[in-house]
Amino acid sequence: PYRMFGTEALSRAVAEAFAQRHACLMANHGLVAGGTSVAHAMKVAVEIEALSGIYLQALQAGDPVLLSKAEMAEVIERFKT
């Protein structure tokens, strides 16, 4: 959800998101990415930007089919190998 820039609420929301991932999209603000190094954070940011572009293109063709949580878990497991 949207949080005003420069507020403790926005900081808490970003910190909460980063507890489980390396990036988050802040509503009406944009992307925040992190990682184990500056290079890793940059890789994460570039990947999110690329995937965001693909999603925007998919939206132009209609409603994209979103994967279920179970399907996403399977995809994530395959990326680990």
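Here is a short chat about salt bridges and a surface patch in a predicted model.

Q: What counts here, given that the model is predicted?
A: Local features need pLDDT of at least 70, side-chain atom pairs count only at pLDDT 80 or more, and totals for chains, interfaces and linings use all residues. Residues are numbered from 1 along each chain as its sequence is written, and side-chain values use heavy atoms, with hydrogens and water left out.

Q: How many salt bridges?
A: Two. The rule is a side-chain nitrogen of Lys or Arg within 4 Å of a carboxyl oxygen of Asp or Glu.

Q: What does Glu8 pair with?
A: Arg12, at 4.0 Å from N to O. Both are in helix α1 (residues 8–18), four residues apart, about one turn. Helices here are DSSP runs of H or I, at least four residues, numbered from the N terminus.

Q: Is Glu8 buried or exposed?
A: Exposed, at 52% relative accessibility. Buried is under 20% relative accessible area, exposed over 50%, partly exposed in between (1.4 Å probe, protein chains only).

Q: And which residue does Glu77 bridge to?
A: Lys80, with the closest N and O atoms 3.1 Å apart. They sit three residues apart in helix α3 (residues 69–80). Glu77 is partly exposed at 46%, while Lys80 is exposed at 60%.

Q: New topic. Which residues form the nonpolar patch?
A: Tyr55, Leu56, Leu59 and Leu66, with about 410 Å² of accessible area together. Patch members have over 30% relative accessible area and no salt bridge; nonpolar side chains (Val, Leu, Ile, Met, Phe, Trp, Tyr) are joined within 5 Å, like charges within 9 Å. Areas come from the Shrake-Rupley method with a 1.4 Å probe.

Q: Where is Leu66?
A: In the loop between α2 (38–60) and α3. Leu66 is exposed, at 62%.

Methods
Helix = DSSP H or I, 4+ residues; strand = E, 2+ residues; numbered from the N terminus.
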